[in-house]
Amino acid sequence: MSRGAGAGRAAGLPAVLITPAMIGLAFLVLPLVGLLVRAPWSRTGAILAGSDAWPALRLSLITSTAAAVLALVLGVPLAWFLARPQGRFRSALRALITVPLVLPPVVGGVALFTVLGRSGILGHPLYQLTGFAFPFTPYAVVLSQTFVALPYLVLSVEGALRAADRRYEDAAQTLGARPAVVFWRVTLPLIGPGVAAGAVLAWARALGEFGATITFAGNFPGTTQTMPLAVYLALETDPDAALLLSVLLLAVSIAVLALLRDRWVRQW
Amino acid sequence: MSASGVVTIMKRWIRGPIAVIGLAGMVALAGCSGGTSDSGSGTTSGPTASGAASPSASGKISGDITVLAAASLTETFTTIGKNFEKAHPGTKVTFSFGSSATLATQVNQGAPADVFASADQKTMKLVTDAGNASGPTLFATNTLEIAVPPGNPAKVTGLKDFADSSKKTVLCAKQVPCGSAAQQVFTLAGITPKPVSYETDVKAALTKVEQNEADAALVYRTDVSSAGDKVQGVTFPEAQKVVNQYPIVALKESRNSATAAAFVGYVTGPGEQVLQQAGFGAP
C-alpha cells in the first residue's frame with residue numbers, strides 16, 4: 001500500500017484517476033446540494049415545531065446506537081470466526097452473511113416476522129410464555145436495524161483481521177497468553193480502525209433504515225416511528241417538509257460522526 | 001510487455017472516462033428535451049423519438065404509452081392494458097405502479113408519462129393544480145373493509161374492535177389515501193381507534209395481518225379480495241358512507257396524446273368489467 005502511494009506521488013496524480021474520482025464525488029455530493037437548495041428554509045420553525053420530527057429523531061438516535069452496539073457485540077466475534085484460517089465453510093458463511101445486503105429490506109422485515117413475530121419460530125413460544133411479542137415495539141426497530149447493519153460491520157472487521165499481522169498474535173501466544181487475552185490485548189487493538197469504521201458504517205446504515213423497520217416494527221409516533229419513516233410520510237403530503245427533515249437527519253448524523261472522529265477514532 | 005502495449009492499455013483506460021462523460025452529457029440533454037415542452041428542440045424531437053406514435057392531428061392510435069397508476073390498480077390495470085393492446089394492435093402500454101402521492105410528485109417533476117390514474121381525488125388535484133392535466137374522469141370507487149387473519153382469531157366484528165387496546169390493530173397513516181378514508185370512517189362512527197401502528201401504505205397494513213402479527217387492519221375491499229385466502233374480510237355498515245373515487249387523466253406532456261386518450265376511454269368503457277370483477281364499484 002505504501003509503495004503504491006509513493007509511486008502515485010512521484011508521477012503526480014494521474015488524470016485517469018482524477019476524472020472518475022471527481023465524477024464520483026459530484027455524483028455523491030450534488031444530490032445533497034440539491035436537498036440543501038430545495039429545502040424550505042423559511043418554513044424551518046413551523047415544520048420542526050408542528051411535526052413528529054423530534055420524537056422521531058430521538059428514537060432514531062437511540063435505536064441506531066443500540067443497533068450499532070448490538071452489531072459490535074455480535075459482529076466482532078463473528079468476523080473473528082470468519083477470518084480464522086482454520087475456520088470451515090467460511091466462503092459459504094460469508095455468502096450467508098451478505099444476504100441482508102442483497103435482500104430487499106421489506107422482505108427482510110417479513111423474514112424477521114417468520115422467526116421473531118408473534119407466530120414466528122421463536123416468537124410464538126415467547127408469546128405463549130410471556131405474552132410479549134416483538135412487532136410494534138422499539139425492540140423490533142433495533143432488531144430490524146441490526147439485521148441490515150450487521151453485515152457492514154462483519155465485512156469491515158473481517159477485512160481488518162485479514163490485513164492485520166498475525167505474527168503479533170503468534171508472539172503473544174508463544175509467550176504464554178491465553179487465546180482470550182490474545183484477542184482482547186493484541187488482536188482488538190490491532191484492528192481498532194477497522195472495528196471503528198465498521199461500527200460507523202453499521203450505525204449509519206441503521207440510522208437510514210426504512211424497509212425492514214416499517215415491515216417488522218410498524219409506524220407509531222414515539223414508539224416505532226423513526227426519522228426515515230417520518231420523512232417518508234411527510235413526502236406523501238408535504239415534500240418540502242420531507243426535504244427539511246432529511247437535512248435535519250443528515251446534519252445530526254454528520255455532527256455525530258465528526259464528534260466521534262475527533263474524540264475516539266483518532267486514538268488509533 | 002512492450003512500451004507500446006502499455007500505451008495502448010493507457011489509451012483504453014482514458015477512453016472509458018471520456019465515454020462516460022459523453023454519455024452523461026447525452027443523458028442530460030435527453031432529460032432536458034423530455035422535461036420541458038417550451039424548449040424548441042424538445043418539441044421537435046418529441047414526436048420523432050416516439051416514431052410511429054406521432055401525435056398528429058389525425059390522432060392515430062398506435063405506439064407506446066406509459067401509464068402511472070395507484071398501487072391498488074396493479075392487477076386490474078395489467079389485465080386492462082393487455083386487453084387494450086389486443087383491441088388496438090401496434091400499441092404497447094407500460095405501467096408504473098406506486099403510491100398515488102409518489103406518482104403525482106413524479107408527474108409534477110416532469111416524468112415522461114402519458115396517463116395518470118390515482119386512488120383519490122386529493123392526489124389527482126396535485127397534478128391538475130400544477131397544470132399538468134385537466135378534466136380527469138372518475139372510473140372506479142373503492143370502500144374500506146376490515147382484514148383479519150384466517151379464522152379471525154381475535155374475533156373482530158366491527159369498527160369498535162379498533163378502540164380495544166387489547167387487540168393489535170393497524171391503520172394506514174392519515175397522510176396516505178387509505179388512512180384519510182379510515183379517519184373519516186372513525187369520525188362518522190364516533191370511535192377513537194387505538195392502533196399499534198399507522199402504516200405507510202395499504203400493502204404494509206395488509207402484510208401485518210397476512211403475517212398474523214396484527215389482529216385486524218382497515219384496508220380496501222379490493223385488497224382483501226386480491227389477498228386471496230391469506231386474509232378474511234369483515235364488512236361494516238359505515239364503510240358505505242366513505243367512498244374513495246379513482247380519477248384517471250391523460251397528461252398534457254404526453255407525446256402520444258391520441259393513444260393516451262384512447263386508453264382513458266378504454267378504462268372507463270370496456271375496462272369497467274375487469275375493475276368490477278376485482279371488487280371495485282362503478283363511479
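What share of the 268 residues in chain A is buried? Buried residues make up 35% of them. A residue is called buried if 20 or more other C-beta atoms lie within 10 Å of its own, exposed if 12 or fewer, and partly exposed in between, with C-beta atoms placed from the backbone.

Some ground rules come next. This is a predicted model, in which local features need pLDDT of at least 70, side-chain atom pairs count only at pLDDT 80 or more, and totals for chains, interfaces and linings use all residues. Residues are numbered from 1 along each chain as its sequence is written, while chains are lettered from A and ligands numbered from 1 in the order in which they are written.

Start with chain A. Chain A has 15 helices and 0 strands. Helices (H or I, at least four residues) and strands (E, at least two) are DSSP runs, numbered from the N terminus. The C-alpha trace of chain A spans about 60 × 60 × 30 Å along its principal axes. Now take the contacts in chain A with a separation of 6 or more: 77% of them join residues 24 or more positions apart. Two residues are in contact if their C-beta atoms, placed from the backbone, lie within 7 Å.

Turn to chain B and its sheets. One open sheet has 5 strands in the order β2-β1-β3-β10-β4 (chain B), and its pairing is mixed. Two strands pair if DSSP finds at least two bridges between them. At the edges stand β2 (91-98) and β4 (137-142) of chain B. Each has a single partner strand, so one side of each is left without a neighbour in the sheet. Neighbouring strands here are turned by 20° against each other on average, direction ignored. Look inside this sheet at β3 (residues 115-117) and β10 (residues 244-250) of chain B. They pair in the antiparallel sense over 3 bridges. V115(B) stands opposite A250(B) in β10(B). A helix lies across the sheet too: α9 (residues 257-268) of chain B covers β1 (63-70), β2, β3, β4 and β10, and runs at about 155° to β10(B). For such angles, axes are lines fitted to C-alpha atoms, for helices over the stretch in contact, and values run from 0 to 180 degrees between N-to-C directions.

Chain B holds another open sheet of 5 strands. Its order is β7-β6-β8-β5-β9 (chain B), again with mixed pairing. The edge strands are β7 and β9 of chain B, and each pairs on one side only. The twist averages 35° from one strand to the next.

Is strand β5 (residues 144-148) of chain B mostly covered or mostly open? It is mostly covered, with 5 of its 5 residues buried. On one side sit L144(B), I146(B) and V148(B); on the other sit E145(B) and A147(B). β5(B) pairs with β8 (residues 216-220) of chain B in the antiparallel sense over 4 bridges. It also pairs with β9 (residues 232-234) of chain B, antiparallel over 3 bridges. A147(B) stands opposite A217(B) in β8(B) and opposite G233(B) in β9(B). A parallel pair is here as well: β6 (residues 169-172) of chain B joins β8(B) over 2 bridges. There, T169(B) has A216(B) as its bridge partner.

α6(B) lies across β5, β6, β7 and β8 of chain B, at about 115° to β6(B). α7(B) touches β5, β6, β7 and β8 of chain B, and its direction makes about 145° with that of β8(B). Q183(B) is found in helix α6 (residues 177-189) of chain B. Q183(B) has 17 C-beta neighbours inside 10 Å, so it counts as partly exposed.

Now the core. The largest nonpolar core has 128 residues; L245(A), V115(B), F116(B) and V219(B) have the most contacts inside it. Such a core is a set of buried Ala, Val, Leu, Ile, Met, Phe, Trp, Tyr and Cys residues joined through C-beta atoms within 7 Å. Helix α9 (residues 138-163) of chain A gives the most to this core, with 14 residues. Among the residues that V219(B) touches are L144(B), A147(B) and V224(B).

Finally, the chains meet. 23 residues of chain B are in contact with 23 residues of chain A. On the chain B side, α1(B) gives the largest share, 4 residues.

Notes:
Lists of a residue's contacts leave out its neighbours within four places in sequence.
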